[in-house]
Amino acid sequence: MKEKLRVGILGATGMVGQRFISLLEDHPWYEVVAVAASPRSAGKRYEEAVGSRWKMTAPMPERVKSLIVQDVNQVEEVAAGVDFVFSAVDMSKEEIRAIEEAYAKAEIPVVSNNSAHRWTPDVPMMIPEVNPEHAEVIESQKKRLGTKRGFIAVKPNCSIQGYAPALAALKEFGPTKAVVCTYQAISGAGKTFADWPEMDDNVIPYIGGEEEKSEQEPLKIFGKVENGVITKAELPVISAQCVRVPVSDGHMAAVSVSFEKKPTKEEILRCWRDFEGEPQKLELPSAPKPFLQYFEEDNRPQTKLDRDYEGGFGVSLGRLREDTVFDYKFVGLAHNTVRGAAGGAILCAELLTAKGYIAKK
């Protein structure tokens, strides 16, 4: 790419916004030129607005420290200086839907980490390796919004990243039902151990809204674009339990699954080993190669050892074995704030850029 695209981060001071800032440092296609947040942060230098709340292990990039935080509600002002935006705003769902649509109507493509538009029928919810064809629904969305280049695309929930791609790779065998238990890190709640000490030596067996997302979002991803909207798949039927565990980063999933046509273990491993999608074929900057890795060791994957596979963009699998109730069971692991949040949105943006949906003004 001859000239980098100018990127704005909506909700730049929060944990996911910080992850965007960190991951986009030295990105070959994108340059962060605008940071926006709530009115209470507006007018401050980014370094001042974040203050002691910088949660990344890597230091704050020097180039963004002096950027003046803009008011996220001043849509036209933010939109004037960017080619597209990433959204990680912390608002009510109604407010998020409104603000993201306002940016889209201002002719700014929006790639969102938020859940507010995940079930809007003409908004693609994408794992780029799994359902890149859903991008075609953007043209129908533009007609609804009355825009020429503005639209909204979203990435799915962090909880599904460790198992939905593994199931997608086995599509030829027809997964029919799955039971999933996710063990989710505290960064999924925007927390560290410093500001959530009650999670030390503790497990909380409830995360609001996560089970519904874990059961339903894969079905939209596995669905089809029909008549300008995305219709969700009927199978596999998924039952999920989501548990918060005392881990800083990395969501693990324990999965049991049955198929229309039961594969052999060797066939499953072959499908996982050979699985690649558009990001790998197009050699997108953030594409993990390979996307899925499988461990033969019984004690892998582990969050501490394996969450950073391929810079956190890859998915790790292990413990594949036959099940006494279902056909097979396995364990999956994904980095929840990289693949599951900001990184997944960046990869989505790269795919949409490669396909011509995001471009210079």
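Modeller: A residue is buried if its relative accessible area is under 20%, exposed if over 50%, and partly exposed in between. This model is predicted.

Colleague: Why does W272 count as buried?

Modeller: The relative accessibility of W272 is 2%. The limit for buried is under 20%. So W272 counts as buried.

Colleague: And why does Y294 count as partly exposed?

Modeller: Y294 has 24% relative accessibility.

Colleague: How many aromatic pairs does the structure hold?

Modeller: The structure holds 9 aromatic pairs. Two rings pair if their centres lie within 6.5 Å.

Colleague: What makes the pair of F151 and Y357 edge-to-face?

Modeller: The two ring centres are 6.4 Å apart, and the planes meet at 75°. Edge-to-face needs an angle over 60 degrees. So the pair of F151 and Y357 is edge-to-face.

Colleague: Where in the chain do F151 and Y357 sit?

Modeller: F151 is in the loop between α6 (138-145) and β6 (152-154). Y357 is in the segment after α12 (338-354).

Colleague: Why is the pair of W272 and Y294 called tilted?

Modeller: Their ring centres are 5.9 Å apart, with the planes at 35°. Stacked means under 30 degrees, edge-to-face means over 60, and the rest is tilted. So the pair of W272 and Y294 is tilted.

Colleague: What does that pair tie together?

Modeller: W272 belongs to helix α9 (residues 265-274), and Y294 to strand β12 (residues 292-295). So the pair ties together parts that are 22 residues apart in sequence.

Colleague: Which residues do ring pairs link into a cluster?

Modeller: The cluster holds F20, W29, Y30, F84 and F86.

Colleague: Where does K262 lie relative to Y328?

Modeller: K262 lies over the face of Y328. The distance to the ring centre is 5.4 Å, and the limit is within 6 Å.

Colleague: How do you know that the protein agrees with a compact globule?

Modeller: For 361 residues, a compact globule would have a radius of gyration near 21 Å. The protein has 20 Å, so the value agrees. The C-alpha trace spans about 60 × 50 × 35 Å along its principal axes. The protein has 12 helices and 14 strands. Buried residues account for 59% of the 361 residues.

Colleague: How many disulfides does a search of the whole structure find?

Modeller: The search finds 0 disulfides. Take C181: the nearest cysteine sulfur is that of C242, 7.4 Å away. A disulfide needs two cysteine sulfur atoms within 2.5 Å. C181 is in no disulfide. C348 is in no disulfide either, and its nearest cysteine sulfur, that of C158, is 16 Å away.

Colleague: Are C181 and C348 buried or exposed?

Modeller: C181 has a relative accessible area of 17%, so it is buried. C348 has 0%, so C348 is buried too. The cut-off is under 20%.

Colleague: Why does A116 count as buried?

Modeller: A116 has 7% relative accessibility, so A116 counts as buried. A116 sits in the loop between β5 (110-112) and α6. Beyond its neighbours within four places in sequence, A116 is in contact with K93, I96 and R97. A116 and E95 are 21 residues apart in sequence, and their C-alpha atoms are 8.8 Å apart.

Colleague: Which residues does the cis peptide bond with omega of about 5° join?

Modeller: That bond joins L235 and P236. P236 lies in the loop between β9 (229-231) and β10 (237-244). The peptide bond from K289 to P290 is also cis, with omega near 0°. P290 is in the loop between α10 (278-281) and β12.

Colleague: What is the phi of E283?

Modeller: E283 has a positive phi of about 55°, although E283 is not a glycine. E283 is in the loop between α10 and β12. At 58% relative accessibility, E283 is over the 50% limit, so E283 counts as exposed.

Colleague: Why does R319 count as partly exposed?

Modeller: R319 has 34% relative accessibility, so R319 counts as partly exposed. R319 is in strand β13 (residues 315-322). Its phi is near 55°, a positive value in a residue other than glycine.

Conventions
Residues numbered from 1 in each chain as written. Predicted model: local features only at pLDDT ≥ 70, side-chain atom pairs only at ≥ 80, totals over all residues. Heavy atoms only, no water. Phe/Tyr/Trp six-rings, centres within 6.5 Å; stacked < 30°, edge-to-face > 60°. Helix = DSSP H or I, 4+ residues; strand = E, 2+ residues; numbered from the N terminus. Buried < 20%, exposed > 50% of the residue type's maximum accessible area, 1.4 Å probe, protein only. Lys NZ or Arg CZ within 6 Å of the ring centre and 35° of its normal. Rg over C-alpha atoms; globule rule 2.2 N^0.38 Å. Contact = heavy atoms within 4.5 Å.
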